[in-house]
Amino acid sequence: MRRVGKTTLIREFCKGKKAIYFAALETTQGENLASLSKEVFENTMPGTPMPSFTSFEELLDYIYPLAKEERQVLLIDEYPYLAQSYRPISSIIQNQIDLRFRETKLFLILCSSSLSFMENQVLGYKSPLYGRRTAQFKIRPFTYKGSALMLADFPKEEQAILCGITGAIPDNLGKIEPHLSLKENICELFLTPSGSLFEEPNNLLKQELRDPATYNAVIAAIAGGASRLNEIATKVGIGTSACSNLLTSLIALGLVKKEVPVTESRSRGKVYYLADQMFRFWYRFVFPNLNTIMMGKGEDIFREVIEPELSSYMGPVFEEMAAQYLWHLEDAPFTFQKVGRWWGPNPLKKRQEEIELLAFRD
């Protein structure tokens with residue numbers, strides 16, 4: 001997931017350590033090898049001009065002796081870019097781990113914003129690196145409680161709203177200006193063509209997907225209230241099979257979640273919702289009004305569209321906040337197995353019921 005602070009955490013971890021940090025580029029194998037070579041020499045032989053390594057094997061041969069006696073961190077950020085520019089790299093790293101890794105104190109970190117790539121191409125069963133990891137971390141957005149620490153200048157209700165429209169993503173929260181009002185921040189971030197979040201979801205989709213147009217329509221349908229497969233497919237104007245495939249891709253990207261009643265593991269009544277609240281806000285309020293906002297009418301959109309609907313928008317956000325509260329409840333009457341929504345038939349009253357928040361254990 002992007003913008004959750006992975007690189008910041010890694011850089012903090014590397015402080016005071018022998019560490020080589022390399023951010024792979026969406027470029028050729030040669031360019032990435034040259035950039036990584038430069039980082040290696042700047043960290044190990046600062047001020048000494050050196051030629052690039054001729055291969056990644058040669059580069060790793062150079063690094064291993066450096067980690068013979070003391071810990072050496074090698075961090076490759078945006079690993080998919082390197083793997084796409086040079087496909088054998090995962091096999092090379094796997095071979096080095098099997099043959100030499102245990103003889104050294106090398107600390108190798110592979111990092112990426114692409115959840116699907118890391119799960120399939122690095123951690124997946126068919127990956128050369130399968131079974132070689134010693135730890136893995138999936139960095140998630142802040143909880144409401146964590147977000148509130150960054151929003152101390154705002155009243156509690158506005159803290160909740162700002163958490164709900166930014167998705168509690170640290171980078172998004174960092175863009176909020178404490179000297180501006182809630183309305184001014186929303187207008188500056190989302191409702192101004194130069195705003196930093198005005199095109200953010202669209203840009204992220206373009207980076208992850210080859211043809212984002214239909215995905216846009218699927219996300220917009222869910223943000224607009226469609227939650228079941230046939231509803232989404234009808235609203236988008238595609239078949240349920242094609243829609244199911246699109247939803248699977250969006251789930252892999254961490255943008256959509258599939259939900260069943262909390263007491264069940266499988267259900268025909270499954271529903272879909274947007275896992276990223278910032279995407280939900282953007283596709284509900286910004287996406288349908290892009291042309292109006294481009295004409296400089298962002299404040300009108302806030303007054304006429306967003307402000308009247310903000311309370312209803314915050315409903316699911318508040319449910320998530322309440323679930324987070326339950327998980328951290330110190331004097332809970334029992335240890336929860338699951339917390340979430342439940343819906344289904346009430347056999348006594350012979351009607352459908354819904355419980356917004358239910359905690360249970362078998």
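Asn202 is buried, with a relative accessible area of 18%; buried here means under 20% relative accessible area, exposed means over 50%, and partly exposed lies in between (1.4 Å probe, protein chains only). The model is a predicted one, in which local features need pLDDT of at least 70, side-chain atom pairs count only at pLDDT 80 or more, and totals for chains, interfaces and linings use all residues. Residues are numbered from 1 along each chain as its sequence is written, and side-chain values use heavy atoms, with hydrogens and water left out. Asn202 belongs to helix H11 (residues 200–208), where helices (H or I, at least four residues) and strands (E, at least two) are DSSP runs numbered from the N terminus. Once neighbours within four places in sequence are set aside, Asn202 is in contact with Asn216 and Trp282, contact meaning heavy atoms within 4.5 Å.

The structure holds 17 aromatic pairs, a pair being two rings of Phe, Tyr or Trp (its six-membered ring) with centres within 6.5 Å; planes under 30 degrees apart count as stacked, over 60 as edge-to-face and the rest as tilted. One of these pairs joins Phe53 and Tyr62, which are tilted at 55° between the planes and lie 5.3 Å apart, centre to centre. Phe53 is buried at a relative accessible area of 9%, whereas Tyr62 is partly exposed at 24% relative accessibility. Trp282 pairs with Phe287: the ring centres are 5.7 Å apart and the planes stand at 35°, so this pair is tilted as well. Trp282 has a relative accessibility of 1% and counts as buried, while Phe287, with a relative accessible area of 27%, is partly exposed.

A charge is taken to sit over a ring if NZ of Lys or CZ of Arg is within 6 Å of the ring centre and within 35 degrees of the ring normal. Arg11 lies over the face of Tyr21, at 4.2 Å from the ring centre. For Lys17, the charged end sits over the ring of Phe13, 4.3 Å from its centre.

Turning to helix packing, two packed helices are described by the angle between their axes and the distance between the axes. Axes are lines fitted to C-alpha atoms, for helices over the stretch in contact, and angles run from 0 to 180 degrees between N-to-C directions. Helix H2 (residues 29–44) and helix H3 (residues 56–66) have axes that come within 11 Å and cross at roughly 20°. That makes H2 roughly parallel to H3, on a scale where angles under 35 degrees count as roughly parallel, over 145 as roughly antiparallel, 65 to 115 as roughly perpendicular and the rest as oblique. H2 passes H3 in a left-handed crossing; a crossing is left-handed if the near helix is turned anticlockwise from the far one by less than a right angle, and right-handed if clockwise. On the H2 side, the residues that meet H3 include Leu33, Leu36, Val40 and Phe41. Their partners in H3 include Phe56, Leu59, Tyr62 and Ile63, and Tyr62 is also the ring partner of Phe53.

The crossing of H15 and H17 is right-handed. Among the H15 residues in this packing are Arg280, Phe281, Arg284 and Phe285, and those they meet in H17 include Ile301, Val305, Leu310 and Tyr313.

Most residues other than glycine have a negative phi. Glu78, in contrast, has a positive phi near 50°. Glu78 is located in the loop between strand E2 (72–77) and helix H4 (79–85), and is buried at a relative accessible area of 17%. Lys350 likewise has a positive phi, near 55°, but is exposed, at 75% relative accessibility. The loop holding Lys350 runs between strand E6 (338–346) and E7.

Asp362 is in the segment after strand E7 (351–360) and is exposed, with a relative accessible area of 82%. Taken as a whole, the protein chain has 17 helices and 7 strands, and its C-alpha trace spans about 70 × 55 × 50 Å along the principal axes. Buried residues make up 43% of its 362 residues.
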